[in-house]
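Visitor: I am new to this structure. Please show me how to read it.

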Amino acid sequence: MFMKMTGDLMDAETMTIREMCDAFDVTPRTLRFYESKELLFPIREGQKRLFTKRDRARLKLILRGKRFGFSLEEIRQLLELYYLGDQQETQLTRTLEVASERLDDLVRRREELDEAIGEMKQQMGLVEDMLDDIASKRQQRA
């Protein structure tokens with residue numbers, strides 16, 4: 001998820017839903033979903049949604065958190081810790097704790113994948129040997 005904003009758009013006080021979708025490579029449905037989960041708080045002007053710089057910063061963190069395997073509830077809780085007034089110490093400490101848990105999980109999953117890949121390669125090698133044996137016997141009979 002990379003932001004594709006021009007300088008003018010980056011400096012804008014607000015962005016429309018279409019501009020947000022284009023800038024963050026997400027769908028309108030995704031933005032509305034995050035809004036319904038109280039992760040984003042766009043300004044409402046009738047049916048129109050205007051996203052502030054704060055919303056853009058929050059969406060960037062949401063997308064990064066999702067990429068790292070954080071649940072939406074974990075992300076929401078971490079974002080809410082920003083407002084405790086302790087210079088983000090609580091937020092940063094909790095973010096580090098959750099990130100450490102996710103990293104441990106990713107490493108464990110990678111180890112499981114490495115093991116599965118090794119087993120699959122071994123089984124494929126056995127099948128290739130069996131096919132070579134069959135082909136060799138066929139040639140001997142011919």
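Visitor: Which elements do the buried residues of α2 pack against?

Guide: First, this is a predicted model. The general idea is to find the buried residues of a helix, then look for what they touch. Here, the buried residues of α2 pack against β1 (14–16), α3, β3 (48–52) and α4.

Visitor: Which residues of helix α2 are buried?

Guide: Helix α2 covers residues 17–24. Its buried residues are M20, C21, A23 and F24.

Visitor: Where else is phi positive in a residue other than glycine?

Guide: Look at E38 and Q88. E38 has a phi near 60°. E38 sits in the loop between α3 and β2 (43–45). Q88 has a phi near 70°. The loop that holds Q88 runs between α5 and α6.

Visitor: Why does Q88 count as partly exposed?

Guide: Partly exposed is the range between the cut-offs for buried, under 20%, and exposed, over 50%. Q88 has a relative accessible area of 31%, so Q88 is partly exposed.

Visitor: How do I read the faces of a helix?

Guide: Start with the general idea. An α-helix has 3.6 residues a turn, so residues three or four places apart point the same way. Now take the case of α5, residues 72–80. L72, E74, I75, L78 and L79 are buried there. Viewed down the axis of α5, these buried residues fall within an arc of 160°, so they line one face of the helix.

Visitor: What do the buried residues of α5 pack against?

Guide: They pack against α3 (28–36), α4 (53–67) and α6.

Visitor: Now the whole chain. How many helices and strands are there?

Guide: The protein chain has six helices and three strands. Read from the N terminus, their order is α-β-α-α-β-β-α-α-α.

Visitor: What radius of gyration does the protein chain have?

Guide: Compare the value with that of a compact globule. For 142 residues, such a globule would be near 14 Å, but the protein chain has 25 Å. The C-alpha trace spans about 80 × 35 × 30 Å along its principal axes.

Visitor: How much of the protein chain counts as buried?

Guide: Of the 142 residues, 24% count as buried. The accessible surface is about 10500 Å², and 54% of that belongs to carbon and sulfur atoms.

Visitor: What about contacts and charges?

Guide: For contacts, look at the sequence separation. Among contacts between residues at least 6 apart in sequence, 47% join residues at least 24 apart. For charges, look at their mean positions. The protein chain has 26 positive and 28 negative charges, and their mean positions are 6 Å apart.

Key: Residues numbered from 1 in each chain as written. Predicted model: local features only at pLDDT ≥ 70, side-chain atom pairs only at ≥ 80, totals over all residues. Heavy atoms only, no water. Helix = DSSP H or I, 4+ residues; strand = E, 2+ residues; numbered from the N terminus. Rg over C-alpha atoms; globule rule 2.2 N^0.38 Å. Buried < 20%, exposed > 50% of the residue type's maximum accessible area, 1.4 Å probe, protein only. Contact = heavy atoms within 4.5 Å. Areas by Shrake-Rupley, 256 points an atom, 1.4 Å probe, with all protein chains shown as cover. Lys, Arg positive; Asp, Glu negative; His and termini not counted. Charge placed at Lys NZ, Arg CZ, Asp CG, Glu CD. Arc of directions from axis to C-beta.
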